[in-house]
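Below is a short briefing on one protein model.

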Amino acid sequence: MTITNTQDDLLSISRGFQTQPQVLNPVECKVIGKIPSYVQGALYRAGPGTMHVDQVDGKRYEIQHWFDGLAQIHRFEIDNEKVTYRSRNTATALEETIRQGENRGNSFAQDVCQVVFSKSSTVMKEIRKEDLNPLEMSNVGVVVAVDFPGVQNPDVVTIFTDHVKIQNLDWKTLEPQSLYTYEKFNPKFAGMTSAAHPCVDAAKRETWQFTTVLGPRSGYNIITFSDENPEGELVEFLEGPPAYIHSSFITENYFVLAVPPLYVNGMEMMQKRNVAQSLRFDESAPCAFYVFDRAARKHVATYHAPSFFFFHSINSYEKDGALILDVLGYDDGSIVQALYFANLRKKIPSIEKATPQHTRRYVLSDIASVESPKDIQQATFSTLAKGAYPELPRINDSYFAKSYTFFYAINLYDPNAIQATLGDSLCKVNVKTEDYWVWKEDHCLPGEPIFIANPEGTEEDDGVLLSVVLDEAKGASFLLVLDAKTMKEIARAETNSVVPFGFHGAFKA
């Protein structure tokens, strides 16, 4: 990646993309408005918190891509309308090795030329490897799960990334408790990468996932495990070109692995020691949907659609013998490169940095009539709510893998704006009517909205949304509480610090 901009061509980087200190001891937030009494529990958020490390030789190690910031996990506890906030850096041992000038190893997008190898033994005497906590040697900070199937420990929250590494944290203090890979469940689950979003059927307490195998025979291990069967099973090895895949789809009876043609060159990845610089988007190749029967444990159908890329599936369900797959799609993979900090700072419209995101509905018809998965079927698709530009989607979890009406997301209000980020507002989208509603406030940049259902509600959107919002003008973040039906604010809990822009969260009641 080559950046040739002069300083005059660049925007100042948002404080949400800058290093922020951890807050180890809970701090009480100022609550404005009234939080509904049924909102009791803890909101967790995962994302990067350290964007640079000052090294012992006086140099500064700069993180180059949003996905490579060192993990900081956040916890907002809501108890009888009182809100407290804390956070913890969970890759402190890795940060220390970087501070000492050691190679940080593989990354998502960091330029290997920035990595400085071990210093002299005199410098390295400042730190002993045995003094480092091995649980904090890996950077795991993208997706949060509570009560994850197979873990069976109510006192931890589980954190995932696009690597196969998984980390359990203490549910109160956020201290790392264990670090492992999918091979912990079963040695047959080996692979180098995986989706940060495993497909979890909460009702059946069952997880479906894949691990990517790189080598002479590349492909995907399709795996499943559950509370009832924690060792799980390897369903099938699906041979094919490795791609960057962040999420998948699941319905009541099927698991769908969608492989967009943003392919990983394994040799380049090993040489460059990062994923992003080894990615190539093939616009001539289709996006392939591989359908697996959950009960029969086998690959039953394959569908193709014109090339596109996606990070996030929204929801999927079965209707009239077809699978309905809703996803936030891009025309190509340019969004990955756009999220380098150098590109985020370019003083050009967001729409010129990457193709904008749209809500897409893919339909895989007549699953039962497919005689062989080798017979390629064609998926159909349509674009919904074309005026909205959502990302980081969430739904009312009671409608997971079922026909639904609404999803909620951050939203790019104006893709032609010079200072637009991935999202500068929140939106609610009706996938049936294609209507959408937006919450927006000047200088405020929200994070992923989490839906909390009203236990006395009777409709799908009876509840509230929780979103962590950065007020750029005040230089501080707040927890926003919106009425999910009206998208109107009903409360906020103000912190005195910046919560860096994160990825995903979860609520533990």
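V336 touches H65, F108, Y244, L262, A276, L279, F309 and F311, leaving aside residues up to four places away in sequence; contact here means heavy atoms within 4.5 Å. This is a predicted model, in which local features need pLDDT of at least 70, side-chain atom pairs count only at pLDDT 80 or more, and totals for chains, interfaces and linings use all residues. Residues are numbered from 1 along each chain as its sequence is written, and side-chain values use heavy atoms, with hydrogens and water left out.

- The largest nonpolar core has 68 residues, and W66, Y182, Y244, I335 and V336 touch the most other members.
- Apart from this core lies another, of 21 residues, including Y254, Y303, Y362 and A379.
- A nonpolar core is a set of buried Ala, Val, Leu, Ile, Met, Phe, Trp, Tyr and Cys residues joined through side-chain atoms within 4.5 Å.
- Buried means under 20% relative accessible area, exposed over 50%, and partly exposed in between (1.4 Å probe, protein chains only).

- Four strands form an open sheet in the order 8-9-10-11, and their pairing is antiparallel.
- Strand 8 (143-146) and strand 11 (176-180) are at the edges with a single partner strand each, so one side of each has no neighbour in the sheet.
- On average, neighbouring strands of this sheet are turned by 25 degrees against each other, direction ignored; the axes are lines fitted to C-alpha atoms, for helices over the stretch in contact, and angles run from 0 to 180 degrees between N-to-C directions.
- Strand 10 (residues 166-170) and strand 11 run antiparallel and are joined by four bridges, with I166 opposite Y180.
- Two strands count as paired if DSSP finds at least two bridges between them.
- Helices (H or I, at least four residues) and strands (E, at least two) are DSSP runs, numbered from the N terminus.

**Strand 25 and its partners**

- Six of the seven residues of strand 25 (residues 358-364) are buried, so this strand is largely enclosed by the rest of the structure.
- Strand 25 pairs with strand 24 (residues 322-330) in the antiparallel sense over seven bridges, and H358 is the bridge partner of G329.
- Five bridges join strand 25 to strand 27 (residues 380-384), also antiparallel, where T359 stands opposite L384.

**Helix 1**

- A93, L94, E96, T97 and I98 are buried in helix 1 (residues 92-99).
- The buried residues of helix 1 pack against strand 4 (52-54), strand 5 (60-62) and strand 6 (70-79).
- After helix 1 comes G101, with a positive phi near 90 degrees.
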